[in-house]
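Please open the model in your viewer and keep a selection panel at hand. The tour goes from one selection to the next, with a short account of what is there each time.

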Amino acid sequence: MDSTAIDRFDTSRFEASRNRLASLAYRLLGSAADAEDAVQDAFLHWQTADRQRIKVPEAWLTKVVTNLCLDRLRSAQARRERTVGAWLPEPLLDGDPMLGPADTFEQRETVSLAVLTLMERLSPLERAVYILREAFSYHHAEIAEILDITESASQQHLHRARRHITTARRGSGELDPASARRIVEEFLAAASSGRTERLVALLTDDATAISDGAGLTKKLLQYDTPERIAAIARAGFKSTPAKQRLAGGVSEVHFALVNGAPALLFVPGGKVVGAVTFDITDGKIATVRGIAAPDRLIRLTDAWRQREPDVPLITEW
């Protein structure tokens with residue numbers, strides 16, 4: 001086999017792992033753009049490595065991507081950007097390959113916006129161990145090899161990560177999609193018609209709402225009572241000429257699933273300019289997240305344009 005054929009063969013081996021590596025990097029970083037950068041950096045490492053000495057490419061690439069992501073999480077810039085109260089994960093439309101693997105509830109949960117947000121409370125190593133074990137089913141011996149730690153350290157990191165996430169996590173398992181849609185449609189109807197009492201009734205007593213302020217504020221906007229959330233929802237879902245100008249035109253409002261959770265997407269002319277996601281527990285809304293920073297919606301928009309959307313809930317917002 002000549003050198004050109006070898007390069008093609010080795011490139012195809014990398015490409016066979018690309019989606020898995022991207023989904024690993026997305027879980028670790030919470031950003032599709034950063035995940036793509038990490039995978040591309042891993043490809044450069046792969047190209048310059050002595051590939052004939054790499055016995056198990058999948059394991060080698062997993063270690064490289066994981067450690068590239070850990071370097072990013074530990075960097076001073078990342079710590080500034082991801083300070084508590086200033087960062088939300090990048091939302092992805094269901095069906096995006098970055099959300100895989102998704103065969104089990106535990107795997108799907110590791111890409112929920114709720115858990116991706118909670119993982120910001122973990123150390124980089126805790127986060128890596130949690131993802132490698134819960135999402136990719138690596139054994140502790142394998143995790144120890146990937147992270148250059150002992151098996152007992154891996155077990156301790158996993159125990160701490162599970163404890164932190166379980167303590168802070170809200171919700172009691174997966175929600176039936178039809179029930180989720182019904183609750184979100186009720187929320188939209190109440191918000192757009194200004195029915196405060198109905199909005200409050202749809203929220204848990206300790207509900208929270210978080211918004212990135214369309215990327216115009218340095219800190220997230222947070223609201224922590226049903227009454228305040230209802231007031232913000234009434235104002236936010238009321239269409240005005242100023243909002244239409246900011247959005248770039250009249251929007252349709254669609255129901256969708258984003259990171260496994262029910263969501264409302266605001267779409268003028270095929271471009272998603274806002275995503276509102278909902279965490280639902282015991283038939284009520286526990287968390288509302290509003291994401292409208294343009295750089296956080298690029299991949300979601302690309303995915304949206306590749307599918308045939310259903311009938312919008314609102315045709316002119």
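Does Phe14 count as buried or exposed, and at what relative accessibility? Select this residue in what is a predicted model, and you will find that Phe14 counts as buried, because its relative accessibility is 0% and the cut-off for burial is under 20%.

Next, select Trp46 and Trp60, which form another tilted pair, at 5.7 Å centre to centre and with 55° between the planes. Here too distant parts of the chain are linked, with Trp46 in helix 2 and Trp60 in helix 3 (residues 57-74), 14 residues apart. Trp46 is buried at a relative accessible area of 1%, whereas Trp60 counts as partly exposed at 26% relative accessibility.

Now widen the selection to the largest nonpolar core, which has 49 residues and in which Phe14, Tyr26, Met119, Tyr130, Ile131 and Leu147 have the most contacts inside the core. The elements that give two or more residues to this core include helix 1, helix 2, helix 3 and helix 7, and helix 1 gives the most, with eight residues.

Move on to helix 7 (residues 124-134), where eight of the eleven residues are buried, so the helix is largely enclosed by the rest of the structure. Colour the buried residues of helix 7 by type, and you will see Glu126, Arg127 and Glu134 listed together with Ala128, Val129, Tyr130, Ile131 and Leu132.

For the last stop, select a second, separate core of 28 residues, which includes Ala191, Leu199, Val288 and Trp317. Trp317 also belongs to a cluster in which ring pairs link this residue with Phe187, Phe237, Phe266 and Phe278.

Notes. Residues are numbered from 1 along each chain as its sequence is written. This is a predicted model: local features need pLDDT of at least 70, side-chain atom pairs count only at pLDDT 80 or more; totals for chains, interfaces and linings use all residues. Side-chain values use heavy atoms; hydrogens and water are left out. Buried means under 20% relative accessible area, exposed over 50%, partly exposed in between (1.4 Å probe, protein chains only). Rings of Phe, Tyr and Trp (its six-membered ring) pair if their centres lie within 6.5 Å; planes under 30 degrees apart count as stacked, over 60 as edge-to-face and the rest as tilted. Helices (H or I, at least four residues) and strands (E, at least two) are DSSP runs, numbered from the N terminus. A nonpolar core is a set of buried Ala, Val, Leu, Ile, Met, Phe, Trp, Tyr and Cys residues joined through side-chain atoms within 4.5 Å.
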